[in-house]
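Please open the model in your viewer, with the sequence panel beside it, and keep a selection tool at hand. The stops below are ordered so that each selection can be made by residue number.

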Amino acid sequence: MRFFPYEEPYENQREAMDRIYNSFSRGQDVLFEGACGTGKTLSSLVPALEFAREEDKTVVITTNVHQQMRQFVADARAITREEPIRAVVFRGKGSMCHIDVGFEECQVLRDNTYEVVDAERDLAELEERQGELLEQSQRGDERAAEARSAVMDELEQVQKRVESLKETNTCEYYYNNLVGDNDEFYSWLYDDVRTPDDIYDYAEERQLCGYELLKDGMEGVDLVVCNYHHLLDPMIREQFFRWLGRDPEDVITIFDEAHNVEDNAREHATRTLTENTLDSALDELQDADDARSEPAYNVISAFRRALEETYEDAFGFGSEARSASSKTSGRRPRVDREQVGGDWEDVSITNEDKRDDLTLNFLQQYTGKGIDTELDLAVHLGRDLDEEYEEAYKNGESTTREECQTLRAATFIQSFMDESAELGQYPVVSVRRDEGTDEVYGRAELYTCIPREVTEELFGEVYATVLMSATLRPFDVIGDVLGLDDPVEIAYGLQFPEENRRTFAVETPALFASERDDPDTQAAIAGVLRDAVRFTAGNTLLFFPSYAEAERYHDRLSREFGGDGAGTTLLMDEPGTAVEDLRKRFVEDDDAALFTSLWGTLAEGVSFDGDEARTVVVVGVPYPHLDDRMEAVQEAYDRTFADRSGRDSGWEYAVEIPTIRKTRQALGRVIRSPDDFGVRVLVDKRYTEAGTREMGKYSVRETFPPEERAEMLDVEAEKLKFAMLNFYSDMDAWTGDPPTP
């Protein structure tokens, strides 16, 4: 308990800390689900710090949610006031660089600057030596005079080297790091838990590079707070652990909001190559004076032509042409060129019984001495060109550190040809419109379907891992998907008084995509939402399957509320609106309704405490867009996680369970403390007990954990207002007269 910063732990928190500590003692990973109020962070962090202190290890706690990062800093500060720990909060170089250069440029500047300082130190030592020898020679020491002559020759050479190095590109901030005394910085750094912004401001004021100082001072720290990127990217992780001065087996990792690890791991493993990069590579090869440039140009240009042919073949001329084409040819539906916008739009290229269209077009376009041979030449030429670019920047011949596009293109094409047919890899072509030229161009992509290809290695090499979230169950699924071997499973439901909350499952028509435009369905949904907003004693959050649905009902209720003069403020979460600004407008009101998508940023990681929001409504079952990518993930999961019981692993693992996790996250936006109270409303028959009996596989109620199902009360649509009125009256929540049903 020495690392527990408060007087007493919550109920179940002490038990959780004991179980997690014992898991560490056995070297086991932990899956930890805890609802709001169970104190997940300290339940994981306290035993991790205790075990790490005893066994000389470092704890790394990570999240992809900014608000949680701030909470980690607050917890770490509270801990260090009770039991001193050395903690650092780490962020990527891009946001901490004082001169705004990229990673590779920074690497060259750092190396050049170090060489300058190293040469200046040599120069200073030689000057000191020659001064000593001068004194000795003036006293008649002939050997000293001879030695001084040799030192003077070396001194002249080093002076020339220093002058030459100073003409190269260097970093003044890093130079000051190397020549100054940094003890004051490290004393300040570990006097408290400093954020990256704190470090940036401190360093900027003193013209120092805070990022490099932080890196140099991380060795052997007790705790590091960082984002997922530093752990999920294998190359960054290797460097990160090296900065910590730790082997992987001496690191304990804690992932918060761990239900997001799956998507983030998939994103880190996915590789892309745009048509623009291919064009840059071909321009680069035309300028290269090297015998390998011709075969390299040949193979890369063939892939470039194949990419263009693949997406051009997918273009039609409007919906009628697409429909006619798909009916008459039996081929996949075409993409309308005129409808392509600024976001990437996928073009389906996979085939059931042969390689994908891009590969087939590439094989058809290519003529040469062999794809593998010419790609190998292109990769080796690319590496040599990349070294030339680095030397040119290092020597001051170039003001920027160019990236070799040939190397990027050739390595991607190699991977695409080698891996695109493997299980778990999905080849994709996408198109978008360039806003500057209004031209459409393409992108090739290798999409990784199975995230365990990224996470399994990480979890296998570190000492132990805790994955924690309020919505992690079912544990067997998350364990399979991420590649955990026999983890300890811990789950605690909502610990706050049950009488302070109600969860209603409303018997409205199921909001299937095909039913969303039905007038009767819309009228039924709008009636429930109107009642939910009117009979909430405070603010209401409303989540929908998409922004389009949120806008539909926002506009409809705006007309209805505006017509009867109601004082409720209706807010719409629109693209481009800053989340914090919208949240501020919402919580400053005491009778507002905020409409948003469940797939937006407000559904998780943003708290609405106390009377900031009293009711949360989830409309429909917010399944993701079931496109070709999602089908590929389902197929990969089916083939990888086939269950002996015969259940549909692909649909369950890839679609249904992540969707219900999203729904549960949204429901958790209200009731954030023991004294808090509120209502949670699920608007769709698929959530109801009646839906379980009548809708079979389309029902989703059974996907919720058992204790959450037990709290779901089926209610008819027209009776929701009475149920809410009674609850808020029991809570004595109305500031004036309650509304009349």
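Begin by selecting D386, which sits in helix α17 (residues 371–394); helices here are DSSP runs of H or I with at least four residues, strands are runs of E with at least two, and both are numbered from the N terminus. At 17% relative accessibility D386 counts as buried, where buried means under 20% relative accessible area, exposed over 50% and partly exposed in between, with a 1.4 Å probe and protein chains only. Leaving aside residues up to four places away in sequence, D386 touches R401, E402, E403, C404 and L407, a contact being heavy atoms within 4.5 Å.

Before going further, note that this is a predicted model, in which local features need pLDDT of at least 70 and side-chain atom pairs count only at pLDDT 80 or more, while totals for chains, interfaces and linings use all residues. Residues are numbered from 1 along each chain as its sequence is written, and side-chain values use heavy atoms, with hydrogens and water left out.

**The whole chain**

Zoom out and show the protein chain as a cartoon, in which 28 helices and 20 strands can be traced. The C-alpha trace spans about 110 × 75 × 55 Å along its principal axes, and 54% of the 741 residues count as buried. Among contacts with a separation of 6 or more, 77% are between residues 24 or more positions apart.

Now colour by pLDDT, the predictor's confidence in each residue on a scale from 0 to 100. The mean over the protein chain is 91, and 96% of the residues reach 70 or more. Where pLDDT is low, the predicted coordinates should not be read in detail.

**A buried valine**

Select V261 next, in helix α12 (residues 261–269). Which residues does V261 touch, not counting those up to four places away in sequence? They are Y228, L232, F255, T455 and L482, and V261 itself is buried, with a relative accessible area of 0%.

**Aromatic pairs**

The structure holds 35 aromatic pairs, counted when ring centres of Phe, Tyr and Trp (its six-membered ring) lie within 6.5 Å, with planes under 30 degrees apart called stacked, over 60 edge-to-face and the rest tilted. Select F185 and W188, whose ring centres are 5.8 Å apart and whose planes stand at 45°, so the pair is tilted. Both residues belong to helix α7 (residues 183–189), three residues apart, or about one turn of the helix, and both are buried.

Then move to Y687 and F704, an edge-to-face pair with 6.1 Å from centre to centre and 70° between the planes. Y687 lies in the loop between β19 (678–683) and α26 (689–695), and F704 in the loop between α26 and α27 (706–711), so the pair ties together parts that are 17 residues apart in sequence. Y687 is buried at 0% relative accessibility, and F704 is buried at 2%. To see a cluster linked by ring pairs, select F90, Y211, F240, F241 and W243.

**Cavities**

How many cavities of 30 Å³ or more does a search of the whole structure find? There are two, a cavity being a set of points on a 1 Å grid over the protein atoms alone where a 1.4 Å probe fits but cannot get out, with lining residues having an atom within 4 Å of a point. Grid points are joined across faces, edges and corners, and the volume is the space filled by probe spheres set on the points.

The largest cavity holds about 150 Å³ of space. Select C97, I99, C106, C171 and C209, which lie nearest its centre among the 14 lining residues. Helices α4 (103–138), α6 (172–179) and α9 (210–216) each supply at least two residues of this lining, with the largest share, three residues, coming from α4.

Finish at the second largest cavity, with about 30 Å³ of space, by selecting its lining residues R473, P474, I657, I660, R661, R664, T703 and P705.

Key:
1 Å grid on protein atoms, 1.4 Å probe; cavity = no way out; pocket = protein on both sides within 12 Å on 5 of 7 lines; lining within 4 Å.
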